Structures are given as structure tokens and as C-alpha cells.
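Subject: Structure for you to look over

Hello,

Here is the structure I said I would pass on. Please have it open while you read the notes below it.

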Amino acid sequence: MIKSADLSPSALVGLLRELKIPTWVLVAACGTASVAAIYAYLLDLNRRRREHFKDTPQPDNEHPLLAGLPVTRRVFGSSTNQSQGIQELSDKLGPTWGVRMPLFLPGFSKQEFILFTSDPAIISEVQAKKDIFHSRPKVGFHSIIPQGLLALRADKGQWQTHRRLIAPLFSDKFLAAYGPTLYEKSALLHDSLLQHFNDKVKTKAFDVQECLNLVTLDIITSIGFGLEKADSVRALLPPDSPQALKPNELRSALGFKRASDVLLDEVMKRVAEPSVARFWPPRYIRYLSAYAMATKRVYEVYRHKGDSVSSDASGRGSKDFNMLIALKNAQEGGQHMTMKEVKDEIITLMIAGHETTGLTTSWALYELAANPDVQDKVYKEVKDVDLKSLSLTEVKDKLPYTYMTFQEALRLHPTVNIFPREASEDVVLGGKYRLPAGSRILINQQALAWNTELWGPDAKKFKPERMQRPDLADLDNYFPFGFGQRTCIGKRLAYVEGVFLLAHMLQDFHLAVPSEFAPRYEVRVTLRSADGTTLLLTPRAHD
Ligand code: HEM
């Protein structure tokens, strides 16, 4: 019999020597025992956590150790399947369901759970608990987007100060100042398109999603960065046009577009994959050079002296002004943002304000093409409006039906179809869905748009008239620009810009959907049409 005193490490070693067991066998046995112990521990952890979250429906094919990570990666990893994948899981599991994250992987220690919801009651509760759901999760945002409004935490003073300093960029005075640029860029788009038509070519197919993404980029880089020569829409000119860009000009005209694409691409990838893959040299170099391009431009403008904003007697504003200079001059109690803070905010505005507006406008154009009766009504409203002298502050009053068209496009195809919030403390939603501090909730507003209880049996039909409902502003379930204190700061600009671009397009072109075209959703942070939005354009003069 072995006495306990004999179990000292040296006695054990002595015993093993006596037994003459080869060292490699001992090492292998120890290794196997350790792996088995870790595995057993993780399985037990997984079982306990499954038990902890048992009241939240979860996909049943979860990995015993990786928990919901493979499901999340499948859903988010392939952007064309994202909205479909989430919808399929919602159909199966109900309006609120969740996935657990593997606690032991680096990067997940705080993001224990992701709760997806399209349940109006749960969403109202999240809106009411605004002191808990005030920030976006760190994954993705923190390491990629500069430290601007999108990424900053709302419980820190910096976000509040920045929000106050940036808000005036969307006031009446500033909107009036953007007018001339908006008209100029939109007119350039139309010139570029119209050059494709002649007596023989009266109707031609264009990808309006591409067109709108180019023009909204030109607008934001011009009013944001002061890039007066931002004219990437000239890439749409017919190659034989005397104004067509030469290859070297095309490169520089599309430089900002490429940078913006890369930055957005990174946002999407990093949301799905908080891993070292982002440092893969080719990808990292691409990202760094896109970022450097935007940064260089910010610093060039920043070092120039400039006025914050000027408007002429008609209130139409001036082109010699940009958001960057306005932010440089913005101050509160004599305190300005630092150059780096201004840079972070201006790149954030470019990322947040470009594709969102372009895509919503192109969804609206698609719906107008698909619904000729609605198109006729919009055309009737816009055809005699002098857009060149229209102040952006008048857009809503002068173009009410077009405005509702834009709002309805946002309902049916919410450009930010799913947006995240982080729980700053442990919280239980709906009396049973547990969300530990640091976990995420993803608000699925696309499913809300199709909810027949909210929007009636024709919820999937495009009907701008439904935006006349008087309670629209108070609806807890129509929030294409988010809600609460983190609501989109650029909402007013998005509306007037989108409605203006829609009105201009309809003044000049009749739209139709080619018989073979049916859009498929793709999500790259924003909801786009995977194959572009090809529409048949006929200049009204040839109509
Ligand atoms: C149709 C166009 C747009 C849509 C659908 C949209 C949608 C959104 C949504 C859903 C959010 C998140 C809100 C939340 O978490 O509650 C957001 C935030 C934001 N948006 Fe927009 N947006 C649009 C245009 C713009 C424009 C034109 C700008 C600026 C030029 C802009 C700048 C921002 C910023 C800076 C934030 C972060 C605000 C904060 O956290 O304080 N957006 N947007």
C-alpha cells in the first residue's frame, strides 16, 4: 500500500523510474490527460452557459465548443446571404433568438451573446432602456472606423461634445449652403448620362445604383472634404465623348471611390471576423493606403484657412465651404476638436453618409420604375419645380410626395437593415432573454417592414401614401435612421439629398425595369442590390 507521504513528486518520479516507463509515454499521457481535462472543462462550461441562456431560442446545430460562432460566421460571412440567412433563422426560431459566442476565444470575453430581434415589444423595451443600450459594440467599429461618432461610446464625454459640435452641420443654415454643390453634382451626373442618347438611342439601360453611389460620393467628398473637383460621375461618360476621362484622370477621379469602398469593405469583414486575418499583408496594405488617402486630404484642407459657412442673400449658400473647415472652427467654450479628432469625424461622415443615401435613392428609383402609377405622381409633382434655385430647406414642403416616396423606400428596403447596440450592464429583455454586460443586440428592421400587423396585409407593397400616417414620427417600429440619442446625425441631409436627387432624375428621365431584372439583396453594412440596379432610362425629351 502506498502511504500519502510516498506521493511526494520526488517519490512519484522514483516510482516511475522503477517501473521503467519510457519518457515519451509519460509525456504523451500527460498531454492527453491535459487535453481531455480542458475539453471536459469547456464542455461543462458550454453546458452551463446553454442552461443559462435556455429561455432564448438558439440554432440547434451549434458547435459544442465554438457555440454559435460558426452560425454567426455563416450568416455574416457571406454578405449575399446575410439578410436571407437571418430571415430563415427568424422564420424557424421566432422574432427573437440568439447565439452564444465562445468565451475562451480572444475578442469574445465580453461578447457573450448576440440577440437578434424583430419583435416590436422587445425593440420598444430597448428604446426605453436607453441608459443601458447607448453604444455600439466594440468589435468591428473600434479597430477600423476612426474614432468618430459611429465608434465613440455614449457614456464618455467626448461623444457628447462631438455630437454637439457636429450637429450644426445639418442645420438649416448649413443645408442651404450645400444646395449649389448638390445641384452641380447632380447636373454633372445627368450630363454624363444624357450624352449616351441620340436620335437612334432613345432608351438605354444603366445601373442606377452605381450612378447614385458615384454622385453621393462626389457630394460628400465635395461638401465634406472640400474636393471641388470630385467628379467621379464623369466615369459614366461615353468613351467617345470629348469630356471622357483619360485613364490617368479616371484613376484620380475614382481614387476616393476606391478608398471609400475599401474602408467599407473592411468594416464588413471585421464585423464578421474579429481575427488576425485583417493583418494579412495584401489586405492590410490596401486598407492602410485607403485610409492614408483620406487622411492626407483631411490634413491638406485642415492646414488651409477657411470660413465656416457663408450663404448668399437667397439663403442658397456658397460653394466655398466644407464640413471639414466648419469642424475645424467649431468650438464650445473656446475648446476646439484636435486635428486628429476632426479627421476621425470627417472620415466617419464620409463612410456613414455616402452609400447609405446613394443606395436608398436607388431603391426608390427601382420602386418608381416598378410602380408606374407612383412614378407618374412623382413626375407630376417635380416636373415644374426649378431645382436649381430650390433651397434644400424647402425640399420637404415643395416635394411632399417625393419625400414620402423616399421614406417608403427606406421602410421597404431599410438601408441599414440591421444595426447593433451593446448592453452596458446585465439586462433581461422581455422578462426572459438574458443579455450579459458587453453582449450585443441586433435590431432587425427589415423584418419589421414586412410585419403585416404593423403595416397591414399589403406590407410588401410599395405605397408612399402610407407615410401620411400622423403617428409616423412617434412609431417605435419605423426607425430607418435608428433611435434615441444615437440616432443618425445626418438624417436631415440624407432626406433632402435623396429627395433632391430623385426629383432631378424624374424630371429628366422616364424609368422602367428591364423584364429580366429582379434585385437580390446583398449586405455590406448597407443593404444593396447584389447585381446592381439596372433600369431602362428614357430621357423625357424623347418620351
Ligand atoms: C439614407 C441615408 C442614411 C441612413 C439610412 C442612415 C442610417 C443610420 C443608422 C441606422 C444609424 C445608427 C443609428 C442608431 O444606432 O440608432 C446611423 C448613424 C449615423 N449616421 Fe446615418 N444614415 C444615413 C445617412 C447619413 C448621412 C448623410 C450622414 C452624414 C453625412 C450620416 C452620419 C451618421 C453618423 C455620424 C452616425 C452615428 C451617430 C452617433 O452614433 O452619434 N448618416 N445612420
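Predicted model: local features only at pLDDT ≥ 70, side-chain atom pairs only at ≥ 80, totals over all residues.

Ligand surroundings

The ligand has 24 residues around it, and those that come nearest are Gly353, Thr356, Gly482, Cys488 and Gly490. By type, the shell around the ligand holds 13 nonpolar residues, nine polar ones and two charged ones. Three helices each supply at least two residues of this shell: α14 (339–353), α15 (355–370) and α21 (491–508). The most comes from α14, which gives four residues.

Strand β2 covers residues 113–117 and is mostly covered, with five of its five residues buried. Its side chains divide between two directions: Phe113, Leu115 and Thr117 point one way, while Ile114 and Phe116 point the other way. Both sets are buried.

Two strands pair with β2. With strand β1 (residues 96–100) the pairing is antiparallel and runs over five bridges. Within it, Leu115 of β2 stands opposite Gly98. With strand β9 (residues 440–444), β2 runs parallel, and four bridges join them. Here Ile114 has Arg440 of β9 as its bridge partner.

Regards

Note on methods:
Residues numbered from 1 in each chain as written. Near = placed C-beta within 6 Å. Nonpolar A, V, L, I, M, F, W, Y, C, P; charged D, E, K, R; others polar. Buried ≥ 20, exposed ≤ 12 C-beta atoms within 10 Å, placed from the backbone. Pairing = 2+ DSSP bridges.
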